[in-house]
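Please have the sequence and the structure at hand.

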Amino acid sequence: LRELDEHARFEQAILPHLGVAYRLARWLTRNDHDAEDVVQEAYLRAYKSFSGFRGHDGRGWLLAVVRNTCYTWLQKHRGHELTVPFDEQQHGTGTEATNPERLYWQAAAGEVLQQALEDLPVPFREAVVLRELEGCSYKEIAAIAGIPVGTVMSRLTRARARLQQAVAQRLGEEVPDGL
Amino acid sequence: MGCEVVRPLLHPHVDGELVPARDEEVRQHLVGCPGCARECEELRALQAALRTSLPRFEPPPALQPRVEAALRQEGAVLPGRRRPRWVAGATAAAAVAAAAVLGVGAWVVGNPWSATARENALAREVIAHHNGSLTTDRTAGVQSSDPEVVGKWLAGKLPFAPVVPRLDGAGFGLLGGRVESLGGRPAATLVYRRGQHIFHLMARHGPEGITPGEIRLQEQQGRRVAHWSLACLDFWAACDIHVPEEDLIYFIGLVRKAMPVHSTLRIGASAQ
């Protein structure tokens with residue numbers, strides 16, 4: 001009976017989060033098929049280690065497993081992607097797009113942003129995806145990625161500056177020099 | 001505080017991650033500093049663009065059975081075929097129960113796969129407005145906890161007479177209202193707060209693609225969105241995905257109860 005309880009608990013806490021698990025894996029692997037493989041592997045890992053889960057946030061717990069599975073997978077298949085440095089030369093903290101209108105961003109549309117997001121190093125990409133697309137708090141991101149909250153903040157700050165700059169560049173706007 | 005102190009705080013400010021006292025200090029600074037204020041606007045524009053223009057990846061239909069099969073091989077006992085979707089299964093039942101308790105008399109569709117492209121597009125708009133409520137300091141509109149004040153402000157700005165539900169008895173405090181465009185039509189937009197969560201309610205004229213008594217729920221971009229209709233009005237609600245689905249249903253039930261149908265029917269009338 002106890003084991004059945006565990007199954008029921010797994011079913012309720014973990015199974016419903018397939019969508020968000022897939023999205024995180026998709027953004028981190030940048031490929032549909034790889035994302036599916038990673039999600040399946042992550043669910044198996046989650047199942048095997050589920051007895052260690054005692055909290056209430058099944059979504060966050062599963063996302064941490066998915067994230068770690070992604071890293072393991074990337075290490076094995078595309079090791080170079082995990083060693084891409086965040087090129088400070090390309091971004092300045094003072095970078096500001098020159099047109100403050102929302103139209104500007106709408107014109108930039110999805111393609112440029114998607115490319116810019118996919119070009120970010122994995123740790124920065126995951127912070128943006130979790131925050132902007134999945135609505136996670138700094139604390140939740142810190143728990144999922146196993147990093148301090150301050151690191152979440154600095155990664156988001158740097159990643160966003162890069163995204164802004166990428167869009168500005170692509171649109172041929174003049175980008176002021178960084179500070 | 002000076003710019004050098006404020007600038008590192010702009011991201012957590014926009015993200016709603018500062019403690020209230022510190023957040024207030026940043027707000028004060030922004031009032032008098034166009035440079036920092038502009039940087040905030042840029043950030044919000046980026047956030048809005050990320051949330052609205054990036055593709056929303058969905059797992060292919062074959063992935064769930066594939067994962068289930070793999071789990072069964074490991075000895076997992078899973079629900080089998082009685083639930084078409086995990087998402088619809090666990091929460092829809094609870095939602096229906098909550099609706100029944102409230103006497104809402106509605107049935108709930110919790111399956112996001114059934115939503116049409118049009119419905120998805122509208123839901124994205126609602127989410128964008130909801131995110132705007134979370135992240136902007138914008139004062140466009142009226143900020144008041146008094147439903148009468150907000151109702152008076154909205155009246156005359158819309159092609160229908162809006163009703164602003166008083167829900168503070170149930171813990172939903174009104175923050176204010178404004179008029180937004182939804183699917184090209186003006187919509188009464190009301191913002192409520194319960195605990196740390198913001199509930200966003202939009203009403204516009206002319207129900208669209210939904211039968212009376214039906215509530216459609218979907219999850220997108222870390223938000224829950226609900227769609228229903230009442231009389232000649234089309235209603236949308238949005239909240240954070242961390243709000244339990246039952247709570248959103250509860251909110252909807254309260255809103256539906258608070259709507260005196262006859263008064264929302266006056267098309268083109270002003271509530272004055």
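## Chain A

Chain A has 179 residues, and 56% of them are buried. The model is predicted. Chain A holds eight helices and zero strands. Read from the N terminus, its elements run α-α-α-α-α-α-α-α.

## Helix α7 of chain A

Helix α7 of chain A covers residues 138-145. It is mostly covered, with six of its eight residues buried. These buried residues are Y138(A), E140(A), I141(A), A142(A), I144(A) and A145(A).

What covers the buried residues of α7(A)? The cover includes three helices of chain A: α4 (58-77), α6 (122-133) and α8 (149-170). It also includes α2 (10-14) of chain B. Just after α7(A) comes G146(A), which takes a positive phi of about 65 degrees.

The size of an interface is often given as the accessible area lost when the parts come together. Between chain A and chain B, the buried area is about 4,700 Å². Carbon and sulfur atoms give 61% of that area. The contact takes 51 residues from chain A and 48 residues from chain B.

Six salt bridges are counted between chain A and chain B. R23(A) forms a salt bridge with E58(B), and their closest N and O atoms are 3.7 Å apart. On the side of chain A that touches chain B, at least two residues each come from α1 (2-13), α2 (18-29), α3 (32-48), α5 (102-119), α6, α7 and α8 of chain A. The largest share, eight residues, comes from α3(A). By class, this side of chain A has 24 nonpolar, 13 polar and 14 charged residues.

## Nonpolar cores

The largest nonpolar core has 68 residues. Which residues have the most contacts inside it? They are F10(A), Y43(A) and L71(B). Helix α4(A) gives the most to this core, with nine residues.

Another core, of 35 residues, lies apart from the largest one. Among its residues are A203(B), L230(B), C232(B) and L233(B).

Notes: Residues are numbered from 1 along each chain as its sequence is written. Chains are lettered from A and ligands numbered from 1 in the order in which they are written. This is a predicted model: local features need pLDDT of at least 70, side-chain atom pairs count only at pLDDT 80 or more; totals for chains, interfaces and linings use all residues. Side-chain values use heavy atoms; hydrogens and water are left out. Buried means under 20% relative accessible area, exposed over 50%, partly exposed in between (1.4 Å probe, protein chains only). Helices (H or I, at least four residues) and strands (E, at least two) are DSSP runs, numbered from the N terminus. Contact means heavy atoms within 4.5 Å. Buried area is the accessible area (1.4 Å probe) that two parts lose on being put together, summed over both. A salt bridge is a side-chain nitrogen of Lys or Arg within 4 Å of a carboxyl oxygen of Asp or Glu. Ala, Val, Leu, Ile, Met, Phe, Trp, Tyr, Cys and Pro count as nonpolar, Asp, Glu, Lys and Arg as charged, and the others, Gly among them, as polar. A nonpolar core is a set of buried Ala, Val, Leu, Ile, Met, Phe, Trp, Tyr and Cys residues joined through side-chain atoms within 4.5 Å.
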